[in-house]
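Biologist: I'd like to learn how to read charge pairs and ring pairs in a model. Can you walk me through them?

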Amino acid sequence: MLAAIGYASVQARVRARRSRLLDEAAWRDLIDAGSLARTLHALRATPYGDAMGPPDDDAATLAHLERSLRRTLRSEAVALAASVPPRARELVLWHADAALVQDLKLLVRALWHGHSLEAVWSATTLAEREDAAYAEVEGVRSIPALIAALERTPYGRALADAWDRTRQEGRPFYLEVALDLAHQRGLVARIEALSGGDREDAKELLGRALARANLIAAGRYRSLAGVSPEEVVNFCLHRDFGGGLAMVQRVAVGASLRDEAAALGVALPPPPASDGPNAGTADDATTLLEIERASDRMQRAAARARFGRQPFGLGLVLAYLIEKAAEAADLVALCEGEAQGLDPAALRSRIPREVP
């Protein structure tokens with residue numbers, strides 16, 4: 001009963017926030033604007049105007065917008081999580097921390113290449129976090145110092161375990177894999193900790209997408225030079241609400257990515273005819289891109305469908321956050337395409353949503 005009351009409170013706020021997402025007419029105007037300057041000007045008249053900062057040159061405004069979008073996604077998740085039951089709250093906050101993983105990767109790269117964190121700190125969401133453990137990160141000047149600063153976080157152990165191999169082989173790749181796996185395993189654990197409708201919603205909205213992402217990761221890892229089948233298995237999730245370990249093992253030894261995608265319900269266009277010594281590698285690259293795009297469309301569709309069902313529950317919160325993240329991703333793709341001088345037809349092909 002208490003959970004239902006909590007969801008009754010949050011669902012009104014979710015629907016109010018959803019009503020502020022851009023409609024088809026707004027998207028059409030943005031795509032047809034014809035230049036980055038005009039697109040940014042049009043955006044100032046939307047709810048995103050406050051996220052763009054003071055008028056500046058287009059490149060600076062776009063950079064400010066991208067940072068603001070990432071921070072807004074997290075702040076909305078934190079605000080909505082405060083009104084859901086404890087286990088659901090843990091999942092919402094952990095899901096939002098996908099941004100934290102990207103922040104930590106950015107810091108790892110900067111430190112590995114000897115760059116100052118001052119140059120990248122403003123591009124992260126770390127400055128807004130209240131946890132003192134993350135505040136300590138700002139002053140680090142080496143990866144061992146970063147690992148020490150993160151000791152009290154879920155990511156410190158993952159980085160520490162990967163550090164020896166990173167040093168031995170001179171590849172920060174292992175640190176990034178460790179961060180991804182730490183977050184993905186935490187997501188699985190938090191979905192499995194739920195029960196009833198909340199668990200089913202979380203599996204449908206997040207778990208299925210996680211399984212598809214695991215397939216994509218397995219395919220990418222096996223295509224990298226020097227990565228053995230055993231390593232592909234070690235670098236991927238073994239529990240993922242899909243094919244799990246058995247799927248990863250099959251991919252590691254050469255299974256068809258199309259067959260594995262079909263087993264996860266991913267419909268792909270027919271494969272192109274190909275030949276030549278590098279045909280398999282090229283086909284895999286094309287297939288992985290198709291799976292990635294299809295997975296994005298599937299998650300967006302699942303989020304839209306969730307709003308047409310039972311009005312209470314965790315699913316409504318997750319569905320809104322997925323739609324909000326999709327809109328942010330599309331805005332970035334639109335603006336970056338405008339910066340490259342793409343015409344409206346090319347822009348529409350880059351944006352997953354249907355824009356008439």
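Biologist: Is Arg70 buried, exposed or partly exposed, and what is its relative accessibility?

Modeller: Buried means under 20% relative accessible area, exposed over 50%, and partly exposed in between (1.4 Å probe, protein chains only). Arg70, at 26% relative accessibility, counts as partly exposed. Keep in mind that this is a predicted model, where local features need pLDDT of at least 70 and side-chain atom pairs count only at 80 or more, while totals for chains, interfaces and linings use all residues. Residues are numbered from 1 along each chain as its sequence is written, and side-chain values use heavy atoms, with hydrogens and water left out.

Biologist: Which residue does Arg70 meet in a salt bridge?

Modeller: Side chains of opposite charge can pair when their charged atoms come close. The rule here is a side-chain nitrogen of Lys or Arg within 4 Å of a carboxyl oxygen of Asp or Glu. Arg70 meets Asp103, 2.6 Å from N to O. Asp103 sits in helix H6 (residues 98–112) and Arg70 in helix H4, so the bridge ties together parts 33 residues apart in sequence. Helices are DSSP runs (H or I, at least four residues), numbered from the N terminus. Asp103 is buried, at 0% relative accessible area.

Biologist: Which residues form salt bridges with Glu76?

Modeller: One is Arg17, with the closest N and O atoms 3.0 Å apart. Glu76 is in helix H4 (residues 58–81) and Arg17 in helix H1 (residues 2–18), so that pair joins parts 59 residues apart in sequence. Another is Lys324, at 3.5 Å between the closest N and O atoms. Lys324 belongs to helix H17 (residues 314–339), so its bridge to Glu76 in helix H4 spans 248 residues of sequence. Glu76 and Lys324 are both buried, and Arg17 is buried too, at 18%. Elsewhere, shared partners link Asp296, Arg300, Asp330 and Arg353 into one salt-bridge network.

Biologist: How many salt bridges does a search of the whole structure find?

Modeller: That search finds 24.

Biologist: And ring pairs: how many aromatic pairs are there?

Modeller: Rings of Phe, Tyr and Trp (its six-membered ring) pair if their centres lie within 6.5 Å; planes under 30 degrees apart are stacked, over 60 edge-to-face, and the rest tilted. By that rule there are seven aromatic pairs. Take Trp94 and Tyr155: centres 5.8 Å apart and planes at 15 degrees, so they're stacked. Trp94 lies in helix H5 (residues 86–96) and Tyr155 in the loop between helix H9 (143–149) and helix H10 (156–169), 61 residues apart. Trp94 is buried at 8%, and Tyr155 is buried at 1%.

How values were computed
Helices (H or I, at least four residues) and strands (E, at least two) are DSSP runs, numbered from the N terminus.
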